[in-house]
Amino acid sequence: RVQAIGDQLASKSSIPPVFKVAPSGPRVAGKVVIITGANSILGIGRASAHQFAEHGAKAVYICDYDDSNLEAHKREINASFPQVDVHTRQFDAADEKAVKEVIDDALKRYGRLDVFFANAGITGPHTLFTEIEADDFMETMRVNSLGVFLAAKLAAPAMQVTSATKPAPSGSIIATASVAGLRSNAGSTPYSASKATVISMAQTVAFQLAGTGVRINALCPGLIETGMTAPVFEAARARGTQGRIGQLNPLKRAGHADEIARVALFLGSDESSYVNGQAWAVDGGLSAGHPYVP
Ligand code: NAD
């Protein structure tokens, strides 16, 4: 019935329907997906690889600087979804040549690239800004910001390549930023700056990609329990203050990597075909305001 109403509206509309999304079908059917920062066991990248595999991706490239778990993740995904081609790559997300090699491999094997999830990131130094060395600042910017810039620079042209299985240029670049890039959390000056840069790049690149069929969005997680934040959670447990974690957001809890992965899946799918150039906060409401203290 929903589809029938959609068809009726489409027949009256002057805007041609860009994609026909089958609500009950695989959400990313046949898509070729590259995910960086996918090694961490608790991480957003690994959870996302599972989501894309579960929802019909043809191929998923899982890439990381640290490749200690990549083969295990591949086996784990294929145990549940044997039809998905999972490729592992050890690489530095901020190395232009290495990023290009993965993209070229996808084009060579499949003739298409549909989703690039630029998710690799580091926390950088969490200390007072006056105590941070310039080299540490630059390394945070290199991985978190340059990594996203290179992903966009190299993935966007590849997504415009057409083939027998991809008749029109299209694609979705998803860049992991952070609520720390939207609002200060007073934690780390380089980290916040690097993530604000990601948001700004997504906005600018969206305009520069105008008319190409390629979209880009920044994904801004709040506090999520992952490899990156594990020390924070462990320290709180050791102090007995774990009950305070996540208390600043209206949901009063930290998030799970899967809750970010599901939004990445949406942004990578055609369901989000009109979502472009946005910073998507997925933070339990943390960035919506501040608690009312009478
Ligand atoms: P994680 O540490 O579990 O995963 C990050 C992964 O990135 C790791 O596997 C790491 O090896 C990889 N990586 C680091 N540098 C790399 C490089 N140069 N090249 C390739 N891979 C590299 O942490 P996570 O929380 O899953 O992080 C994913 C993204 O989410 C990061 O960009 C992070 O900044 C962002 N983020 C996380 C949170 C949170 O609370 N966990 C909040 C906001 C944003």
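# A tour from the sheet outward

Begin with strand 4 and strand 5, which run parallel and are joined by 4 bridges. Helices (H or I, at least four residues) and strands (E, at least two) are DSSP runs, numbered from the N terminus; two strands pair if DSSP finds at least two bridges between them. The model is predicted: local features need pLDDT of at least 70, side-chain atom pairs count only at pLDDT 80 or more, and totals for chains, interfaces and linings use all residues. Residue numbers start from 1 along each chain as its sequence is written.

**Stop 1: the middle of the sheet**

Select Ala118; its bridge partner in strand 5 is Ala175. In strand 4, Val115 and Phe117 point one way, Phe116 and Ala118 point the other way, and all are buried. A residue counts as buried if 20 or more other C-beta atoms lie within 10 Å of its own, exposed if 12 or fewer, and partly exposed in between, with C-beta atoms placed from the backbone. In a regular strand the side chains alternate between the two faces of the sheet.

Strand 4 also pairs with strand 1, in the parallel sense, over 3 bridges. Here Ile34 has Phe116 of strand 4 as its bridge partner. Show the contacts of Ile34 (C-beta atoms, placed from the backbone, within 7 Å). Not counting residues up to four places away in sequence, Ile34 touches Tyr61, Cys63, Val102, Ile103, Ala106, Leu113, Phe116 and Phe117.

**Stop 2: out to the edges**

Next select strand 5 (residues 171–176) and strand 6, parallel strands joined by 6 bridges. Ile173 stands opposite Ile216 in strand 6. Ala218 has Ala279 of strand 9 as its bridge partner. Within strand 9 (residues 279–282), Ala279 and Ala281 point one way, Trp280 and Val282 point the other way, and all are buried.

Zoom out to see the open sheet: 7 strands in the order 3-2-1-4-5-6-9, with parallel pairing. Strand 3 (85–90) and strand 9 are at the edges with a single partner strand each, so one side of each has no neighbour in the sheet. From one strand to the next, the twist averages 15 degrees.

**Stop 3: helices on the sheet**

Select helix 3 (residues 70–80), which packs on the sheet and touches strand 2 (59–64) and strand 3. The direction of helix 3 makes about 170 degrees with that of strand 3. Axes are lines fitted to C-alpha atoms, for helices over the stretch in contact, and angles run from 0 to 180 degrees between N-to-C directions. Helix 9 (residues 257–268) lies across strand 1 (32–36), strand 4 (115–118), strand 5, strand 6 and strand 9, and runs at about 165 degrees to strand 6.

**Stop 4: the core**

The largest nonpolar core has 78 residues; Val33, Ile34, Val60, Ile173, Ala175 and Leu219 touch the most other members. Such a core is a set of buried Ala, Val, Leu, Ile, Met, Phe, Trp, Tyr and Cys residues joined through C-beta atoms within 7 Å. Helix 5 (residues 134–159) supplies the largest share of this core, 9 residues.

Ile44 is in helix 2 (residues 44–54). Is Ile44 buried or exposed? With 31 C-beta neighbours inside 10 Å, Ile44 is buried. Its contacts, apart from residues up to four places away in sequence, are Asn119, Thr176, Pro221, Ile224, Thr226, Ala257, Ile260 and Ala261.

**Stop 5: the ligand**

Select the ligand and the 28 residues around it, of which Gly37, Ser40, Gly43, Gly121 and Gly227 come nearest. A residue is near a molecule if its C-beta atom, placed from the backbone, lies within 6 Å of it. The shell divides into 12 nonpolar, 13 polar and 3 charged residues. Ala, Val, Leu, Ile, Met, Phe, Trp, Tyr, Cys and Pro count as nonpolar, Asp, Glu, Lys and Arg as charged, and the others, Gly among them, as polar.

**Stop 6: loops and an open helix**

Asp92 sits in the loop between strand 3 and helix 4 (96–110). It is partly exposed, with 17 other C-beta atoms within 10 Å. Beyond its neighbours within four places in sequence, Asp92 is in contact with Tyr65 and Ala98.

Of the 10 residues of helix 8 (residues 230–239), the number buried is 0, so helix 8 lies largely in the open. Just after helix 8, Gly240 has a positive phi of about 75 degrees.

End at Lys252, in the loop between helix 8 and strand 8 (255–256). Lys252 is exposed, with 12 other C-beta atoms within 10 Å. Its phi is near 60 degrees, a positive value in a residue other than glycine. Most residues other than glycine have a negative phi.

Terms used. Two residues are in contact if their C-beta atoms, placed from the backbone, lie within 7 Å.
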